[in-house]
Amino acid sequence: MPMSHAFKERLFPVLPQLAEYFGTPFHIYDEAGIRETGAALKRAFAGVPRFREYYAVKALPNPRILALMREMGFGFDCSSVAELELARAAGARGEDIMFTSNNTSAEEFAAAAHDGGCILNLDDINLVAKVPQMPELVCFRYNPGPARSGNSIIGNPVEAKYGVAHDQLLDAFRAAQARGARRFGLHTMLASNERDHRYVVQTVRMLLDVIAWAGKELGIRFEFINMGGGLGIPYRPEDETFDVMALGNESAALLATFRQREGYAPAVFMESGRYITGPHGVLVTRAINHKDTYRHFVGVDACMSALMRPGMYGAYHHIDVLGKTSSAADAPVDVVGSLCENNDKFAIERPLPPVDDGDLLIIQDTGAHGHAMGFNYNGRLRPQELLLGANGQVERIRRAETLQDHFATLQFESRVWRGAGH
Ligand SMILES: *Cc1c(COP(=O)(O)O)cnc(C)c1O
């Protein structure tokens, strides 16, 4: 099921007043739901000693949300300088942060080492020589290549731009050792929005097999494995939920077997974004036009600047119309924004109850990779973000962009190159 019944019960009765008070459109996140999911994840992994979630900051990079993650004891997975800054502003230091970059720049290495450093997760063997100062603790992102099929969204590992190939892995660790690394971890990220827990269990098994083999070859013990994120959520009403209890229990069993065989067990890290916050956010937008040509269109006051997933991946986001219940008689409509791109549609041929101008539409599961992914093409601005607190109060946690923000980069110091010899 998309948005939970409990979230609806908390939100829908006050939604007309919220729309009036804050104006539309907005993303609103549900603190109680986020806390419940975080607690459930920790319960599921209670049997795994030294389990830790590193919340993937890119999913919902808002300081108020990151503060919740920190309260729950989570670390942060960062992959850019901006995300490192957000994690540190939330109070994370050192091993609270995993820095997983790809095609890493010198600027990013410097930022990673700054302010107490972080766990550096290297994406390629050639980067070992480019790390300005090799930290004591280092991790590599492992790409199993043809050994794993990958899931449908993230694609085939052989084609992926991420990670160290299997045949390079030992040399990568040796090169890091030669530069002074003494503590080691192994990371992978193979799935995206995967709702079958068995795929992720398979990933844990793969990582344990690799560290058993590499550990012997290198004469080291690995401090941790990181199974990545990619746990899926049910975007469609008929979708199954991810069985996180089963993932936790089966991971615990794999760890126990590993400990028996190898005489130690690594810590287990995860870096979920979507699973933690995805279902606990919605985009609320008002219908402002309707149009009947070859199809029926409902025009709303948000556009793909607020939510790219439908336009970018053809992703499904469930939609409710406030105060109206769907029935078998619902006619299919396209729900569209105002951007000059024909893929600026939140839904295509979606049966919805009749929508009148002024109705509020609730576009669901926008709590991860929603606002954060928005862009400014066509001068379209990103909306505000609100937080529905566990105490029932609603707080603005990011204002909407303004035209001033949009035009800010047009104010700059003039600079002209007049050609060679001048
Ligand atoms: C995006 C990303 C994640 C989070 O993915 P979700 O699908 O939100 O769980 C985790 N790790 C890395 C390296 C990522 O790039």
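In this predicted model, helix 5 (residues 81-89) packs against helix 6 (residues 106-113) with an angle of about 10 degrees between them and their axes 9 Å apart. Angles under 35 degrees count as roughly parallel, so helix 5 and helix 6 run roughly parallel to each other. On the helix 5 side, the contact is built from Val81, Leu84 and Arg88, while helix 6 brings in Glu107, Glu108, Ala111 and Ala112. Sorted by type, the residues of this helix 5 to helix 6 contact come out as 4 nonpolar and 3 charged, with no polar ones.

Two serines are worth a look next. Serine 251 sits in helix 9 (residues 244-262). Setting aside residues up to four places away in sequence, serine 251 touches Phe45, Val48 and Val204. As for isoleucine 319, which lies 68 residues from serine 251 along the chain, the C-alpha atoms of the two are separated by 35 Å.

Serine 272, on the other hand, is found in a loop, the one between strand 10 (267-270) and helix 10 (274-277). With a relative accessible area of 0%, serine 272 is buried. Once neighbours within four places in sequence are left out, the contacts of serine 272 are Glu53, Tyr54, Tyr55 and Ala56, along with Gly228, Gly229 and Leu231.

Definitions and conventions. Residues numbered from 1 in each chain as written. Predicted model: local features only at pLDDT ≥ 70, side-chain atom pairs only at ≥ 80, totals over all residues. Heavy atoms only, no water. Helix = DSSP H or I, 4+ residues; strand = E, 2+ residues; numbered from the N terminus. Contact = heavy atoms within 4.5 Å. Buried < 20%, exposed > 50% of the residue type's maximum accessible area, 1.4 Å probe, protein only. Axes fitted to C-alpha atoms, helices over the stretch in contact; angles between N-to-C directions. Parallel < 35°, antiparallel > 145°, perpendicular 65-115°, else oblique. Nonpolar A, V, L, I, M, F, W, Y, C, P; charged D, E, K, R; others polar.
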